[in-house]
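Biologist: I want to learn how labels get attached to a structure. Can we go through some together?
Modeller: Gladly. Ask away.

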Amino acid sequence: MSVGYLVRRVFLLLLVVWTAATINFFVPKLSPRNPVLERLQEASRGGGRQQTGLQEMMKAYQAQFGLDKPLWEQYVNYMSGVVRLDFGYSINAYPKKAMDVIAEALPWTIGLATVATILAFFIGTILGALIAWPRAPRFFRSLIPPLMMFQAMPFYLLGLILIYIFAFKFRILPLGGGFSRGAVPRWNLTFALDLVKHAVLPALAIILSSLGGWALGMRGLMVSIQGEDFITFAEAKGLKSSRIFTRYAMRNAMLPQITALLPSLGFIIIGTSLVEIIFGYPGLGTVISQAINSLDYFVIYAITVILTIVICIATLIMDLTYPLLDPRIKYERG
C-alpha cells in the first residue's frame, strides 16, 4: 500500500467529517424556535407561577451558551469544539456538558447494537451459506420467504410487533426501559439478568430485521462461488462435503460479508435510535429524541459528529485491512 493512497484516504475522511459537521451545524439553526426561551418557560410553568424577567434570563443563558454571538463566530467555536470533541453545555440538561449526556447513554447503545449486529451477522451468514449449499437439508431453503419478509421490515415496526406479542399478549418480557423500576444499578448477577431481560426485545427487533440481509447476501455469494475452479478441484479430490463447505466455500464467500460488518455497526447504531425510543431504552436514540424535541443544539451536534466519525473510521479501517484478508487485492502506487 502506497503512502500516497493512505494520505488520500485520510484526507477524504477529514473532508467527509468536515462536510457532515458543517451541515450538522446549520440545519438546526433553520428552526425559528428559541430553545433557551422554551426551556425557561417550561421551568417557569413547572414552578407553578409565571416568573418575571424571562427576557433578561434568556439573554444571560444565551451568553452562557454562546448563542448571542454572530453566526460565523458560533461556527468557528463549533468547529473548534469538533476538533477537541468538546461541544459545550447541554441546554436541556444544564449544567451537564453534551459529552457527559452522551457518555451516560453511549454504553447502552453500543452494547445493544454491537451484540445484536454480531449475532445477526453470524446467524445470518451461516443460514445463508446453508440455504445455498446443495447438500444441506431442504428445510433451510424454506427459510427464504420469512428472511425476505424480515429484511423488508424496519427495526421499529418489528419492535412494535414484538411488544404486542411478548409484552402485551403473553407478558413474558418487560414492556420497555433499561432495567426494572426501583432497581439499583450495581455489579451483581441479579441486576445483570434484569438488564438482559429488558434488552431481549429491542435486540431481537434488530437481529430479525438484519438477519435477512446477511443471510440473503451470503446466499448470493455462495451461489456464485460454487462454480469456481477450486470448488470443483476440491470435489474431484474427494474431500468431505463438510470440509469443502467450511474451508473452501464459506471461507472465500465471507470476505465481502466481513467488509460490510464494521461499517454496518455505525449504521445499525443510527437505526437503533427508533427502537430505543419505542422501548424507552436509555441509549442514544432516547437522548437524540429529547434533544431534537427541545432543540438542544449541542447534544445534536455531538451525537451527529461522533456517529459520522465512527462510520468514517470503520470504513477506513476496512479499506486498509481488506488486502490482509484477501491477498489478491493490492493498492498500486499511482
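Biologist: How many salt bridges does the structure hold?
Modeller: Four. Bear in mind that this is a predicted model.

Biologist: What makes Glu104 and Lys96 a salt bridge?
Modeller: Their closest N and O atoms are 2.8 Å apart. The cut-off is 4 Å between a side-chain nitrogen of Lys or Arg and a carboxyl oxygen of Asp or Glu, so the label applies. In general, side chains of opposite charge can pair when their charged atoms come close.

Biologist: Why is Glu104 called partly exposed?
Modeller: Its relative accessibility is 47%. Buried means under 20% and exposed means over 50%, so a value in between is partly exposed. Lys96, at 36%, counts as partly exposed too.

Biologist: Which residue forms a salt bridge with Glu235?
Modeller: Arg135, with the closest N and O atoms 3.4 Å apart. This pair links distant parts of the chain. Glu235 is in helix H9, while Arg135 is in the loop between helix H5 and helix H6, 100 residues apart. Glu235 has a relative accessible area of 36%, so the label is partly exposed. Arg135, at 47%, is also partly exposed.

Biologist: Which residues are linked in a network of salt bridges?
Modeller: Arg84, Asp86 and Lys97. The side chains of Asp86 and Arg84 meet at 3.4 Å, N to O. Asp86 is partly exposed, at 27% relative accessibility.

Biologist: How do you know that the charged end of Lys97 sits over the ring of Tyr89?
Modeller: That charged end is 5.6 Å from the ring centre. The distance limit is 6 Å, and the charge must also be within 35 degrees of the ring normal. The charged end of Lys29 sits over the ring of Tyr297, 4.3 Å from its centre.

Biologist: Now the rings. How many aromatic pairs are found in the whole structure?
Modeller: The search finds 17.

Biologist: Why is the pair of Phe25 and Tyr75 called edge-to-face?
Modeller: Their ring centres are 5.4 Å apart and their planes are at 65°. Centres within 6.5 Å make a pair, and planes over 60 degrees apart count as edge-to-face, so both tests are passed. Phe25 is in helix H1 and Tyr75 is in helix H4, 50 residues apart.

Biologist: Are Phe25 and Tyr75 buried or exposed?
Modeller: Both are buried.

Biologist: Which residues do ring pairs link into a cluster with Phe25 and Tyr75?
Modeller: Phe26, Tyr78, Tyr297, Phe298 and Tyr301.

Notes. Residues numbered from 1 in each chain as written. Predicted model: local features only at pLDDT ≥ 70, side-chain atom pairs only at ≥ 80, totals over all residues. Heavy atoms only, no water. Phe/Tyr/Trp six-rings, centres within 6.5 Å; stacked < 30°, edge-to-face > 60°. Helix = DSSP H or I, 4+ residues; strand = E, 2+ residues; numbered from the N terminus. Buried < 20%, exposed > 50% of the residue type's maximum accessible area, 1.4 Å probe, protein only.
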